[in-house]
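Please open the structure in a viewer and keep the selection tool at hand.

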Amino acid sequence: MGRPKKALISRRKALELALKIIDKEGLDALSIRRLGDELGVRGISLYHHFASKEDILIGVCELALTDIRTPHAPNADWRQWFADNAGKYYQALLDHPNLIPVLMRRHPLRIGLREHNSTVGLLAVQGVPIGVIMPLLDMLESIALGCAAYQSAVSADTDTDNWHEKYSSLYQVRRSAEISPKAAFEATIKAAIDAILSTYNATAGHGAAKPAKPPRRRSS
């Protein structure tokens, strides 16, 4: 039997359900057949909206990142909105940790690159040096993914081996922490922005380090 001539379900509904499956049961639980069964349609009907399972995963990731948007106001403080978007990305990863392995391949899968393109454009318009923009984006991506992956693993720890008894000092230090992971992440992002700009100013443009002159040879 061929695929129906009209879509029997909406793309949005399919993505929302796929995200629920992944959140609850993990990436391996999602399949074209499973999603079709949950939607009450034959799996082949999903090909009206998606070319493959990978295409569904891309759509699910973009749905999970819906709230991360480049501001439309050109006069917005770029450091603030950039850091805010980093925080939203970190939170989205914490809310949907099973998507982290997919988002590790964000660039080759072209997930959200249109939004990244808008971010690059606004940063350039706001006077951020071109040579700094890509390092800033890479920094945001790597720190958010790393922090979220680690924090998700810690949160999922069931403590079945009584590690707090084996490593009592570590346990007490963790219990005594006065800075939340979220606050630590936000501080790290702001510090990283400053560090990247400082590095740029020290090595590029007017702040570029001049090559050392060779020592003068003494006359005999």
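Begin by selecting helix α1 (residues 11-25) together with helix α2 (residues 32-39), whose axes lie 10 Å apart and meet at an angle of about 115 degrees. These two helices are therefore roughly perpendicular to each other, and the crossing of α1 and α2 is right-handed. To display the contact, show the side chains of K13, A14, L17, A18, I21 and E25 on α1 and of R34, L35, E38 and L39 on α2. Sorted by class, the contact of α1 with α2 holds six nonpolar residues, four charged ones and no polar ones. This model, like every feature described on the tour, is a prediction.

Next, display the whole protein chain. It has eleven helices and zero strands, and 35% of its 220 residues count as buried. Among contacts in the protein chain with a separation of 6 or more, 73% join residues 24 or more positions apart.

R110 is found in the loop between α6 (106-109) and α7. The phi of R110 is near 65 degrees, a positive value in a residue other than glycine. Most residues other than glycine have a negative phi. E115 lies in helix α7 (residues 113-125). Is E115 buried or exposed? With a relative accessibility of 19%, E115 counts as buried, because the cut-off for buried is under 20%. Apart from neighbours within four places in sequence, E115 is in contact with I68, R69 and T70.

Proceed to helix α11 (residues 181-203). Its 23 residues, at 1.5 Å a residue, should span 33 Å, and the end C-alpha atoms are 32 Å apart, which agrees. Which residues of α11 are buried? They are F185, I189, A192, I193, I196 and L197. An α-helix has 3.6 residues a turn, so residues three or four places apart point the same way.

The axes of α4 and α11 come within 10 Å and cross at roughly 140 degrees. That angle makes α4 oblique to α11, and the crossing of the two is right-handed. On the α4 side, show W78, R79, F82, A83, A86, G87 and Y90, which meet P181, K182, F185, I189, K190, I193, D194 and L197 in α11. By class, the contact of α4 with α11 comprises ten nonpolar, one polar and four charged residues.

How far apart are the axes of α8 and α11? The axes are 10 Å apart, and the helices pack at an angle of about 155 degrees. That makes α8 roughly antiparallel to α11, and α8 passes α11 in a right-handed crossing. From α8, select V132, P135, L136, M139, L140, I143, A144, C147 and Q151; in α11, these meet P181, F185, T188, I189, A192, I193, I196, L197 and Y200. The contact of α8 with α11 has 16 nonpolar residues, two polar ones and no charged ones.

Notes:
Residues numbered from 1 in each chain as written. Predicted model: local features only at pLDDT ≥ 70, side-chain atom pairs only at ≥ 80, totals over all residues. Heavy atoms only, no water. Helix = DSSP H or I, 4+ residues; strand = E, 2+ residues; numbered from the N terminus. Expected span 1.5 Å × (residues − 1). Buried < 20%, exposed > 50% of the residue type's maximum accessible area, 1.4 Å probe, protein only. Axes fitted to C-alpha atoms, helices over the stretch in contact; angles between N-to-C directions. Parallel < 35°, antiparallel > 145°, perpendicular 65-115°, else oblique. Left-handed = near helix turned anticlockwise from the far one by under 90°. Contact = heavy atoms within 4.5 Å. Nonpolar A, V, L, I, M, F, W, Y, C, P; charged D, E, K, R; others polar.
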